[in-house]
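Let's take a quick tour of this protein, one topic at a time. Have a look at the structure first, then work through the notes below.

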Amino acid sequence: MKNIAMVVDARQGLTTSKRKNATIIGLFLLSVILLFSCSKSSSNNSNPPVVANTVNIANMSFGPAAITVMAGATVTWNNNDNMAHTVTADDNSFDSGSIPMGGHFSKTFSATGSYSYHCTIHPTMTGTVTVVTK
Ligand SMILES: [Cu+2]
């Protein structure tokens with residue numbers, strides 16, 4: 001009689017631990033789902049390729065200094081400074097020449113990659129255009 005009771009106890013213990021495991025698995029799945037939905041929404045918020053394709057030149061700096069655009073986008077630099085500047089690729093693949101006060105320069109980027117540029121008049125002025133497909 002005592003032995004049977006022990007077996008029943010053991011079975012109940014087994015059932016309880018199985019239920020515990022199921023609860024743990026359930027919580028785990030729930031957190032995975034929550035994590036997935038969170039990361040999905042946060043990537044939606046941070047992922048859109050930067051829409052801005054205009055760089056403001058002011059106070060001897062490019063703003064923003066680093067921009068990301070979709071392949072095929074045209075980037076326009078507006079010289080709102082009180083002196084002339086250039087937008088010159090570090091590898092000389094493009095060069096605006098001198099952009100006067102109030103002037104602008106546009107370039108279309110069709111190939112993906114990272115394009116570093118500077119101002120030949122003021123070499124401390126640097127910027128980067130990153131071109132992506134998505
Ligand atoms: Cu300059």
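Of the contacts in the protein with a separation of 6 or more, 45% are between residues 24 or more positions apart; two residues are in contact if their C-beta atoms, placed from the backbone, lie within 7 Å. Keep in mind that this is a predicted model, where local features need pLDDT of at least 70, side-chain atom pairs count only at pLDDT 80 or more, and totals for chains, interfaces and linings use all residues. Residue numbers start from 1 along each chain as its sequence is written.

**Overall make-up**
- You'll find 1 helix and 8 strands here, where helices (H or I, at least four residues) and strands (E, at least two) are DSSP runs, numbered from the N terminus.
- Starting at the N terminus, the order of elements is α-β-β-β-β-β-β-β-β.
- Of the 134 residues, 16% are buried (20 or more other C-beta atoms within 10 Å of a residue's own, with C-beta atoms placed from the backbone).

- An open sheet is built from 4 strands in the order 3-8-7-5, with mixed pairing; two strands pair if DSSP finds at least two bridges between them.
- Strand 3 (66-70) and strand 5 (88-89) sit at the edges with a single partner strand each, so one side of each has no neighbour in the sheet.

**Who pairs with whom**
- Strand 5 runs antiparallel to strand 7 (residues 113-118), and 2 bridges join them.
- Across that pairing, Ala 89 is opposite Tyr 117, and Thr 88 is opposite His 118.
- Strand 7 also pairs with strand 8 (residues 126-132), antiparallel over 6 bridges.
- There, Gly 113 faces Val 131 in strand 8.

Key: Buried ≥ 20, exposed ≤ 12 C-beta atoms within 10 Å, placed from the backbone.
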